[in-house]
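Here is a briefing on one protein structure. Look through the sequence and the fold, then read the points below.

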Amino acid sequence: MPLINMPDFAASLLADFAARGATRVDTPVIQPAAPFLDMAGEDLRRRIFLTESETGESLCLRPEFTIPVCLSHIETATGTPKRYAYLGEVFRQRREGANEFYQAGIEDLGETATARADARAVSDAVGILAQLLPGRVLTITLGDQAVFEAVVRALGLPGGWQKRLIQAFGDSTHLNQLLEDLASPKAVTAQSDEVEALLADGDDAALVALIAARMEDTGYSSNASRSPKEIAARLKENRALASTRLEGRAILLLREFLSLELPLDEAAGALAGFADAAGLALGSALEHFEARVAAMARLGLNLSGMTYRAAFGRPLDYYTGLVFEVAEQDAKAVLAGGGRFDRLLTLLGAQQPIPAVGFSLWLDRIETARSR
């Protein structure tokens, strides 16, 4: 396997990070696998390189930097706000390109002026790429996880369906399939008569006891990934989801929302118009969207040259608001991407909620673009 060399522009990139008030942090290449398996999304879980310690702990090669940087921040009990920069190798299977490559980026933790922090993340990513690729035309695409979640909740869907749709945001194939299922529910796999009777009666305790007994009889309980209580809950949830049929108007509204794609300077007005016409209250999600656009304008970003796409998300479970990516015009490769992840640090063990936003740069793709 050929050695992966540090890009020749790495030193200038680190100097640029420092000039933007970001302190470089390094994290171990070998990481505990659990945070990635629990929080980083199915797309990343399928691609990481797993191993095991002598004590049986599940470990992995570092597949990205956001989770390790957040863990390091929590472990060192560093105060906020804090800007971290990183540059190093990451390891994950990719459809195109090497499985070992360099990434760099900035994580902005604890800044309570979230609209300003979001705008700065986009501005920094675009500004750094403009310096590395002078004279190139960049395309910037933005989405908003929080706005999508607000639309889903305003439609009054059951909690289980809300969760499924929100988890599928950014995966258009999966999301479209879920919408088809909502329009035409499919029958679930029938269980034994005894299980079906307990599901119909709503006798949760008896159902859990029956599943536990069957797992014990078959020897499955010793290495099961889910407990009898969790299996019973999943059976009940599947029944509830299968019985839900969304009215045609709600399906049309969801599809109408997901079809929105327009210049960013027109997006806030279009979202407000959509919500008014549909009779949906998007509340704080729309207010935050408008505040972010205003903050980006104050930083001098060309809003008319950026695209808001309502269906755009990134396949990582921890994003909560802004999501964005930057590419070179007429090129497929994403050069930078990031977004807001306000829930992540609490899930990783922080004692208090910590707002967070950041972005990553794919250095091998930037190097390829520079060579053209």
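Two strands pair if DSSP finds at least two bridges between them. Helices (H or I, at least four residues) and strands (E, at least two) are DSSP runs, numbered from the N terminus. This is a predicted model: local features need pLDDT of at least 70, side-chain atom pairs count only at pLDDT 80 or more, and totals for chains, interfaces and linings use all residues. Residues are numbered from 1 along each chain as its sequence is written, and side-chain values use heavy atoms, with hydrogens and water left out.

**The sheet**

- Nine strands form an open sheet with mixed pairing, in the order β1-β5-β6-β12-β11-β10-β7-β9-β8.
- Its edge strands are β1 and β8, each of which pairs on one side only.
- P263 stands opposite T307 in β9.

**Strand β7**

- Strand β7 covers residues 138-144, and six of its seven residues are buried, so the rest of the structure largely encloses it. Buried means under 20% relative accessible area, exposed over 50%, and partly exposed in between (1.4 Å probe, protein chains only).
- With strand β10 (residues 322-328), β7 pairs in the antiparallel sense over seven bridges. Here I140 stands opposite V326.
- With strand β9 (residues 306-309), β7 pairs in the parallel sense over three bridges. Here I140 stands opposite M306.

**Strand β5**

- Strand β5 (residues 82-91) is also largely enclosed by the rest of the structure, because eight of its ten residues are buried.
- Strand β1 (residues 23-24) runs parallel to β5, joined by two bridges. T23 stands opposite Y84 in β5.
- Strand β6 (residues 100-109) runs antiparallel to β5, joined by ten bridges. The bridge partner of G88 in β6 is Q103.

**Helix α13**

- Helix α13 (residues 264-278) has 15 residues. From its first C-alpha to its last it reaches 21 Å, close to the 21 Å expected at 1.5 Å a residue. The expected span is 1.5 Å times one less than the number of residues.
- Its buried residues are L264, A267, A268, L271, F274, A275 and A278. They cover an arc of only 130 degrees around the axis, which puts them on the same side of α13. The arc is that of the directions from the helix axis to the C-beta atoms.
- The face turned away from that buried side carries the exposed residues G269, D276 and A277.
- What do the buried residues of α13 pack against? They pack against β7, α6 (145-154), α12 (248-258), β8 (261-263), α14 (283-298) and β9. Contact means heavy atoms within 4.5 Å.
- Just after α13, G279 takes a positive phi of about 70 degrees.

**Aromatic pairs**

- Rings of Phe, Tyr and Trp (its six-membered ring) pair if their centres lie within 6.5 Å; planes under 30 degrees apart count as stacked, over 60 as edge-to-face and the rest as tilted.
- By this rule the count comes to seven aromatic pairs.
- F65 and Y86 form a stacked pair, at 4.4 Å centre to centre with 15 degrees between the planes. This pair links distant parts of the chain, 21 residues apart: F65 is in the loop between β4 (58-61) and α4 (66-76), and Y86 is in strand β5.
- F65 counts as buried at 1% relative accessibility. Y86 is buried too, with a relative accessible area of 0%.
- F148 and F169 form a stacked pair as well, at 4.5 Å centre to centre with 15 degrees between the planes. F148 lies in helix α6 and F169 in the loop between α7 (159-168) and α8 (172-183), so the pair ties together parts that are 21 residues apart in sequence.
- Both F148 and F169 are buried. With F257 and F274, they form one aromatic cluster.

**Cysteines**

- How many disulfides does a search of the whole structure find? It finds zero. A disulfide is a pair of cysteine sulfur atoms within 2.5 Å.
- C60 counts as buried, at 0% relative accessibility. C70 also counts as buried, at 0%.
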